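Student: I've got a model open and I'd like to know what the labels on it really rest on. Can we go through some of them together?

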Amino acid sequence: MSAEPALTELTVPALSLVVLIGAHGAGKSTLAARHFAPEEVFAQSDYPDVPSLLAAAGERLAAGRLAVLDGLFVRPVDRVPVTALARAHDVKPVPVVLDLPRAVLEARTAAPADVVAAQVAELRRTRRGLHAEGFRNEQVLFSDDQARTLPLRRTLLRGDRRDLTGPFDVIGDVHGCLPELRDLLRNLGYDLSGDGARHPQGRTAVFVGDLVDRGPDSPGVLKLVMGMVADGAALCVPGNHDEKLCRALAGKAVKAMHGLDVTLAQLEQAGPDVQAQVRSFIEGLPTQLVLDGGALIVAHAGLPAHYHGRGGGRVRSFALYGDVNGQRDELGLPIRRDWAADYHGAALVVYGHTPHAAPRWKGNTVNVDTGCAFGGHLSALRYPERTTLSVPARAVYAPPPRPLPVPEGGSGV
């Protein structure tokens with residue numbers, strides 16, 4: 001136990017399922033009372049059975065609020081429904097483990113010594129497997145002193161920037177079209193200099209992803225966007241093309257299709273340092289951005305309201321690929337259901353991924369992918385103005401698999 005890294009604080013995501021794990025007498029309820037409000041804590045002793053305990057906590061998670069489970073959970077079998085509850089609500093299950101000396105526990109609990117000994121043994125036998133069980137950010141306390149003194153900090157989702165109120169210019173799928181990106185930024189009023197760009201009035205560019213593939217200069221687009229993000233002039237979420245590039249750069253087996261082969265060849269010429277920078281940049285991008293107090297959501301393929309501000313595999317998959325079920329059409333392209341047609345959320349969702357001939361408004365959503373690499377346009381949404389600006393493609397860099405659909409009520413940009 002002495003080899004464990006020393007904790008200086010406890011950290012839990014602001015929206016998560018916190019699970020206090022420990023044997024009888026470990027001080028879980030005391031820790032819960034110290035760090036959490038009564039309405040956040042669901043103690044196993046207050047409910048007739050585990051299903052009712054989890055149901056109560058689930059109601060709070062469904063409302064978008066943190067929930068804390070205070071129970072034994074020393075056995076993996078008892079933790080299975082806990083991780084299932086977290087997955088059902090697309091939040092992280094975060095264990096805080098109190099692994100105190102057995103003598104301390106026996107001295108302050110009425111539970112039989114053999115029961116306490118069995119619980120301690122089971123906890124120590126299995127706690128190193130918490131990550132494999134689906135838990136994340138596990139933190140272990142080994143003494144009463146740690147439990148009494150360590151502060152707790154609530155962290156935000158990586159893309160939770162509701163503190164940023166704009167104004168923003170949300171830019172659609174660039175797909176390697178560096179000349180058009182520079183044209184669009186100039187038309188939006190940005191001053192371009194070297195590998196960066198900045199708006200003199202403090203506007204922030206927000207890229208919806210798919211920076212690479214199909215167009216003529218994916219490394220140039222990456223260099224410009226990475227420079228703007230590093231300079232605080234831009235934000236970015238990844239697209240499915242960016243994510244696939246990142247996997248390829250990590251040595252994973254991917255099919256180099258739809259322009260990825262050209263992007264990889266260009267980055268090969270750029271050298272290993274640039275490749276490492278690109279991989280690190282993409283890996284560090286948030287799946288979604290929550291902006292302007294939650295009034296604006298940016299995700300590459302869009303995001304329904306019940307995923308806003310949440311994490312997990314389902315949320316990431318939807319944000320990258322949209323509403324798909326693995327089926328393909330007659331051209332071999334993924335069939336994407338129109339999630340925006342059923343969206344009734346309060347936040348404006350800006351996305352790309354599915355190209356149209358013009359920005360497509362549907363309710364409180366707007367798709368700003370206007371098929372630049374296919375010879376269409378590169379478009380941006382000005383926020384909070386809710387106006388769009390587009391520049392024409394300079395060439396058809398990749399033949400579109402089918403004509404770009406025209407949004408309802410519009411004939412093009």
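Student: Which residues gather in a patch of positive charge on the surface?

Tutor: Lys 92, Arg 136, Arg 158 and Arg 316 do. Before we dig in, this is a predicted model, where local features need pLDDT of at least 70, side-chain atom pairs count only at pLDDT 80 or more, and totals for chains, interfaces and linings use all residues. Residues are numbered from 1 along each chain as its sequence is written, and side-chain values use heavy atoms, with hydrogens and water left out.

Student: Why is Lys 92 called partly exposed?

Tutor: Buried means under 20% relative accessible area, exposed means over 50%, and partly exposed is in between (1.4 Å probe, protein chains only).

Student: Why do Arg 314 and Asp 90 count as a salt bridge?

Tutor: The rule asks for a side-chain nitrogen of Lys or Arg within 4 Å of a carboxyl oxygen of Asp or Glu. Arg 314 and Asp 90 meet at 2.9 Å, N to O, so the pair qualifies. It links distant parts of the chain, 224 residues apart: Arg 314 is in helix H13 (residues 313-321), and Asp 90 is in the loop between helix H3 (76-88) and S5.

Student: Are those two partners buried or partly exposed?

Tutor: One of each. Asp 90 has 6% relative accessibility, so Asp 90 is buried, whereas Arg 314, with 45%, is partly exposed.

Student: What does the pair Asp 99 and Arg 127 tie together?

Tutor: Their side chains form a salt bridge at 3.3 Å, N to O. Asp 99 is in the loop between S5 and helix H4 (102-107) and Arg 127 is in the loop between helix H5 (113-126) and helix H6 (130-133), so the bridge ties together parts 28 residues apart in sequence. Both residues are buried.

Student: How do you know that Glu 243 and Arg 247 are about one helical turn apart?

Tutor: They are 4 residues apart in helix H10 (residues 240-249), so about one helical turn separates them.

Student: How many salt bridges does the rule give?

Tutor: The count is 24. Asp 338, Arg 360, Lys 362 and Glu 408 are linked in a network of them.

Student: Why is Ala 233 called buried, and what does Ala 233 touch?

Tutor: Ala 233 has 2% relative accessibility, so the buried label applies. Its place is in the loop between helix H9 (218-230) and strand S13 (234-236). Leaving out residues up to four places away in sequence, Ala 233 touches Ala 197, Arg 198, Arg 203, Thr 204, Ala 205 and Met 228, where contact means heavy atoms within 4.5 Å.

Student: What share of the protein chain is buried?

Tutor: Buried residues make up 50% of the 413 residues.

Note on methods:
Patch = residues over 30% accessible without salt bridge, like charges linked within 9 Å, V, L, I, M, F, W, Y side chains within 5 Å. Areas by Shrake-Rupley, 256 points an atom, 1.4 Å probe, with all protein chains shown as cover. Lys, Arg positive; Asp, Glu negative; His and termini not counted. Charge placed at Lys NZ, Arg CZ, Asp CG, Glu CD. Helix = DSSP H or I, 4+ residues; strand = E, 2+ residues; numbered from the N terminus.
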